[in-house]
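Subject: Structure for you to look at

Hi,

Here is the structure I promised to pass on. Please have a look at it first, and then read on for what turned up.

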Amino acid sequence: MKENIKYISGEDISKAVAALYAQACIGPHREVEQKLTSILENENPGPGREALELEILNLKIAAETGLPVCQDTGTAVVFVEFGNKVLVTDSSLTDAVNAGVERACVQSHLRPSQVFPPLGERKNTLNNTPAIIHLEHVTGADLRISVLAKGAGSENVSQSAMLPPLAGCEGIIKLAESCVLAGASKACPPLIVGIGIGGNLETSGILAKKALLRDMGLENPHSELHDLETRITGILNATGIGPQGFGGKTTVMETRILQLPCHMASLPVTVCIECHAHRTASCVL
Amino acid sequence: MRVVKLPVTDEVLKSMKAGEQILLSGIVATARDAAHNLMLSTGTVPFDIKNIPVFYMGPSPAPPNRVIGSSGPTTSARMEPFIPQMLKLGMKIVIGKGEMSSETRTLFQKHGAVYLAATGGAGALASTKILSRKIVAWDHLGPEAVSILELEELPVFVAWDLNNGSIYSRSSYDPE
């Protein structure tokens, strides 16, 4: 039995998290760059189009200079799929992840943005810890780590709601519209809209964030959710808000939905807004 | 695209039209939430607010051999509670990102102030347009310290002009 266990040191996890967090913040971000470039081809002349050109140029400059794409290198949101045959030696997973975030912050010159306590002094922790860690225990001998550098500009315009159980697609569309109409220009569009449907108050939020991790261009395997994603993207793009809110055809690059079962009396929904500088990286140990 | 050199004359300020992209050169001051709170609670504005635009920005740390890290704008709407007082003190140009309320827009009109939007999320690009950075107050705030920057042709968009024009009004946008 013992020979089936995979031993992973805390240091290996820290090293991986530091590399992933820096890679997420700096790039290269070829998928996003390609997507923005394809959007540009379809965009009319005007300030929205000009802003899109600057967004694309910025991704190239970041990759060339090693500067972060955005000065807000975010909260480090770390998703871990933890195989049941994995044993982390000499450290807790939490400590190892936080050590990795601190290392990336110092060595890769990322901005420390975490403050404590949230009320009153709001003193900067100076190393951007703590990370926010979402752990899922799975079968197998792998440890999969995904890091999302989540900026506050887009996070601040996201919303959760406990909708009536039969609010259906219309209720979800209304919530997505309310986020985007009120907040899109503050969140650096073209956006990615992550939506978590079901679970409960806290899991709908985690689900919406996890939905953001889906690869660019990958279709939702559930056809009814794929249809809803297409519909929401269409409705939000018809607003004309456009890149940076300066007017244009593309306000939203993609909508990405995940779902879970929920209580018969509830329909928990979170709409998590992500900026055009979508910064994520993952690996398997 | 025209280069606008700071400080600007009244004529140049008047000539800025919503939707226009300009390249901004010269001196600006950075301040975010915590710095605004300190400026207005202590009554000390550590730069010449009548002549120096306020850039809502907190950079990432400067890597070796660079004057500043990534330097894109932060969300302007968070600074709205401080704007009435800043306008009264003589602020004429704000650089930030994102739409602000119609109440704030009315105040900008009343005080003859212009709102410029830099490209949100384009911090690496902005960093390459900054020649120098000097912290002038509240160093302990880290990225939120008040600093003086010298810009060289930073691309920004006129968001609100002096004629009540707005880049965020989609009435003029034709999807086809």
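The centres of domain 1 and domain 2 of chain A, taken over C-alpha atoms, are 25 Å apart. Please keep in mind that this is a predicted model. The domain assignment puts 2-27 + 68-150 of chain A in domain 1 and 152-279 in domain 2. Where the two domains of chain A meet, 15 residues of domain 1 touch 15 residues of domain 2. Together they bury about 1,200 Å², with 60% of that area on carbon and sulfur atoms. On the domain 1 side, the residues that lose the most area to domain 2 are Phe79(A), Leu148(A) and Lys150(A), which together make up 50% of what that side buries.

Next, the contact between the chains. Chain A and chain B bury about 3,000 Å² between them, and 61% of this is on carbon and sulfur atoms. Chain A brings 38 residues to the contact and chain B brings 44 residues.

The crossing is left-handed. From α2(A), the contact uses Val32(A), Glu33(A), Leu36(A), Thr37(A), Ile39(A) and Leu40(A). The residues on the α3(A) side include Leu52(A), Ile56(A) and Leu59(A), as well as Arg49(A) and Lys60(A). Sorted by class, this contact of α2(A) with α3(A) has 7 nonpolar, 1 polar and 5 charged residues.

The other pair is α6(A), residues 168-183, with α8(A), residues 223-237. Here the axes come within 10 Å and cross at roughly 35°, and the crossing is right-handed. Helix α8(A) contributes Leu228(A), Arg231(A), Ile232(A), Ile235(A) and Leu236(A), while among the α6(A) residues in the contact are Cys169(A), Ile172(A), Ile173(A), Ala176(A) and Val180(A). The contact of α6(A) with α8(A) has 9 nonpolar and 3 charged residues, and no polar ones.

Best wishes

Technical notes
Residues numbered from 1 in each chain as written. Chains lettered and ligands numbered in written order. Predicted model: local features only at pLDDT ≥ 70, side-chain atom pairs only at ≥ 80, totals over all residues. Heavy atoms only, no water. Left-handed = near helix turned anticlockwise from the far one by under 90°. Helix = DSSP H or I, 4+ residues; strand = E, 2+ residues; numbered from the N terminus. Contact = heavy atoms within 4.5 Å. Nonpolar A, V, L, I, M, F, W, Y, C, P; charged D, E, K, R; others polar. Domains from an automatic or database assignment. Buried area = accessible area lost by both parts, 1.4 Å probe. Axes fitted to C-alpha atoms, helices over the stretch in contact; angles between N-to-C directions.
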